[in-house]
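The stops below say what to pick and what to look for.

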Amino acid sequence: MKLPVIKSVLLLVALGLFSCNEETVPKPASQLRLEYPAPKYTALTTNCPFSFDVNTVAQLKNNSCSYEIQYPKMKATVYLTYKEVHNDIDKLLLDAQNLTYKLHTLKADDILEQPFVNPDKKVFGMFYKVGGNAATNALFYATDSTKHFMTGSVYFYAKPNYDSILPATQYVQNDMRRIMETMKWK
């Protein structure tokens with residue numbers, strides 16, 4: 001009775017040793033695929049002294065001509081702040097530039113300035129694209145230099161990890177550019 005058991009065990013060991021000739025290869029690291037709907041824009045007309053296009057997937061909150069444009073699925077909010085110009089355009093511009101450079105140079109890898117000029121609509125400004133793990137990845141200001149001044153910045157409700165939120169960042173940055181491009185002063 002011992003002989004059949006020993007033969008069975010030896011057969012199983014032999015099969016186990018010689019059955020797999022292939023080398024084990026680890027699977028490649030997976031990549032998170034984030035897809036967002038194609039943006040659809042609608043004109044936002046208000047009692048405020050401006051109008052612009054806004055993405056229909058966003059939710060708006062108005063507070064005295066300052067807006068929060070929320071993107072719940074991306075956990076992001078664009079904050080728009082409107083101010084009237086009262087012979088203080090230099091101070092408003094300096095404040096906007098300080099917000100970009102003084103607050104973000106510690107964590108930012110780079111800050112790319114993109115001037116914006118639309119003389120037909122009298123909209124002039126600057127779009128800042130902030131690279132790296134900064135608190136915000138995009139800021140802008142727009143003005144007509146005499147009466148109106150608006151700033152915008154995006155914040156994500158997550159620890160800043162530029163690589164992880166890059167698709168969402170690019171999506172919201174495109175919406176922010178659309179706001180600047182379609183801005184009209186009243």
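## Stop 1: a buried glutamine

Start with Q173: at a relative accessible area of 2%, this residue is buried. Keep in mind throughout that the model is predicted. Q173 sits in helix α3, which runs over residues 162-182. What does Q173 touch, leaving out residues up to four places away in sequence? Select F127, K129, N137 and A138: these are its contacts.

## Stop 2: confidence

Now colour by pLDDT. The protein has a mean of 86. Of its residues, 86% reach 70 or more. Which element has the lowest mean pLDDT, and which the highest? Helix α1, residues 2-18, is lowest with a mean of 72. Strand β2, residues 50-55, is highest with 97. Where pLDDT is low, predicted coordinates should not be read in detail.

## Stop 3

V5 belongs to helix α1, the element with the lowest mean pLDDT.

## Stop 4: the aromatic cluster

Move on to the rings. The structure holds 8 aromatic pairs. Begin with F50 and F52: their ring centres are 5.9 Å apart and their planes meet at 15 degrees, so this pair is stacked. Planes under 30 degrees apart count as stacked.

Are F50 and F52 buried or exposed? F50 is buried, at 0% relative accessibility. F52 is buried too, with a relative accessible area of 1%.

Next, show F50 with Y82. The ring centres are 5.3 Å apart and the planes are at 45 degrees, so this pair is tilted. The two residues come from distant parts of the chain: F50 is in strand β2, while Y82 is in strand β5, residues 76-84. They are 32 residues apart. Y82 has a relative accessible area of 11%, so this residue also counts as buried.

F50, F52, Y67 and Y82 form one aromatic cluster.

## Stop 5: two salt bridges

How many salt bridges does a search of the whole structure find? The count is 2.

Select D53 and R178 for one of them. Their closest N and O atoms are 2.9 Å apart. This bridge links distant parts of the chain, with D53 in strand β2 and R178 in helix α3. The separation is 125 residues. R178 is partly exposed, at 28%.

K91 is exposed, at 52% relative accessibility. D95 is partly exposed, at 34%.

## Last view

Finish by showing strand β2 on its own. From F50, follow the tilted pair to Y82. From D53, follow the salt bridge to R178. Strand β2 also has the highest mean pLDDT among the elements, at 97.

Methods
Residues are numbered from 1 along each chain as its sequence is written. This is a predicted model: local features need pLDDT of at least 70, side-chain atom pairs count only at pLDDT 80 or more; totals for chains, interfaces and linings use all residues. Side-chain values use heavy atoms; hydrogens and water are left out. pLDDT is the predictor's confidence in each residue, from 0 to 100. Helices (H or I, at least four residues) and strands (E, at least two) are DSSP runs, numbered from the N terminus. Rings of Phe, Tyr and Trp (its six-membered ring) pair if their centres lie within 6.5 Å; planes under 30 degrees apart count as stacked, over 60 as edge-to-face and the rest as tilted. Buried means under 20% relative accessible area, exposed over 50%, partly exposed in between (1.4 Å probe, protein chains only). Contact means heavy atoms within 4.5 Å. A salt bridge is a side-chain nitrogen of Lys or Arg within 4 Å of a carboxyl oxygen of Asp or Glu.
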